[in-house]
Amino acid sequence: VSIGGVGVLPNATSMIRTIGSVYLGKPICKHIPIPAKARLTSHNQLLSENERRTKALEKDQVGLLIEIFVSNPHIVHIHQACSISHVVWQELSSRNHLKK
């Protein structure tokens with residue numbers, strides 16, 4: 001897993017085992033921390049020169065690039081759709097840090 005161009009070690013992640021995060025008795029959701037050195041990027045920055053002509057957004061959108069690689073040898077869907085069903089982002093406001 002890579003977030004914002006920074007690799008996240010497998011031992012830094014953990015499976016979530018709460019109601020709604022288990023399917024057929026198996027946990028299916030994973031907590032992946034965002035590395036402190038993760039870099040923001042934008043939609044238009046990720047486009048190639050050719051793609052910019054047709055896919056560039058007039059008002060660019062900024063976010064974190066998330067790259068996930070499947071390493072399970074039992075998953076045989078190659079070059080087929082895969083999904084990330086949801087990403088939950090927790091932001092700690094700077095005001096909370098100033099109170100400490």
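User: Where is confidence lowest, and where is it highest?

Analyst: The term to know is pLDDT, the predictor's confidence in each residue, from 0 to 100. Here the mean pLDDT of the protein is 82, and 77% of the residues reach 70 or more. Confidence is lowest in helix 2 (residues 94-99), with a mean of 50, and highest in strand 2 (residues 6-7), at 96. Where pLDDT is low, the predicted coordinates should not be read in detail.

User: How many helices and strands does the protein have?

Analyst: Helices (H or I, at least four residues) and strands (E, at least two) are DSSP runs, numbered from the N terminus. This protein has two helices and nine strands. From the N terminus on, they follow the order β-β-β-β-β-β-β-α-β-β-α.

User: Which strands form an open sheet?

Analyst: Strands of a sheet pair through backbone hydrogen bonds, either parallel or antiparallel. For two strands to count as paired, DSSP must find at least two bridges between them. In this model three strands form an open sheet in the order 2-1-9, with antiparallel pairing. Strand 2 and strand 9 are the edge strands, since each pairs on one side only. Strand 1 and strand 9 run antiparallel and are joined by two bridges. Within that pair, Ser 2 stands opposite Glu 67 in strand 9.

User: Is Ser 2 buried or exposed?

Analyst: Buried means under 20% relative accessible area, exposed over 50%, and partly exposed in between (1.4 Å probe, protein chains only). Ser 2, in strand 1 (residues 2-3), has a relative accessible area of 11%, so Ser 2 is buried. Across the protein, buried residues make up 12% of the 100 residues.

User: Which residues is Ser 2 in contact with?

Analyst: Contact means heavy atoms within 4.5 Å. Leaving aside neighbours within four places in sequence, Ser 2 touches Gly 7, Leu 65, Ile 66 and Glu 67. For the protein, among contacts between residues at least 6 apart in sequence, 42% join residues at least 24 apart.

User: What about the loops?

Analyst: Gly 5 sits in the loop between strand 1 and strand 2. Its relative accessibility is 45%, so Gly 5 counts as partly exposed. Beyond neighbours within four places in sequence, Gly 5 is in contact with Arg 39 and Leu 65. Ala 36 belongs to the loop between strand 6 (29-31) and strand 7 (40-42). Ala 36 counts as exposed because its relative accessibility is 83%.

User: Which residues make a nonpolar surface patch?

Analyst: Accessible areas come from the Shrake-Rupley method with a 1.4 Å probe; for residues, only the protein chains shown count as cover. Like charges are joined within 9 Å, nonpolar side chains (Val, Leu, Ile, Met, Phe, Trp, Tyr) within 5 Å. Here Val 1, Ile 66 and Ile 68 make a nonpolar patch of about 220 Å². Ile 66, in strand 9 (residues 66-67), is partly exposed, with a relative accessible area of 37%.

Definitions and conventions: Residues numbered from 1 in each chain as written. Predicted model: local features only at pLDDT ≥ 70, side-chain atom pairs only at ≥ 80, totals over all residues. Heavy atoms only, no water. Patch = residues over 30% accessible without salt bridge, like charges linked within 9 Å, V, L, I, M, F, W, Y side chains within 5 Å. Salt bridge = Lys/Arg side-chain N within 4 Å of Asp/Glu carboxyl O.
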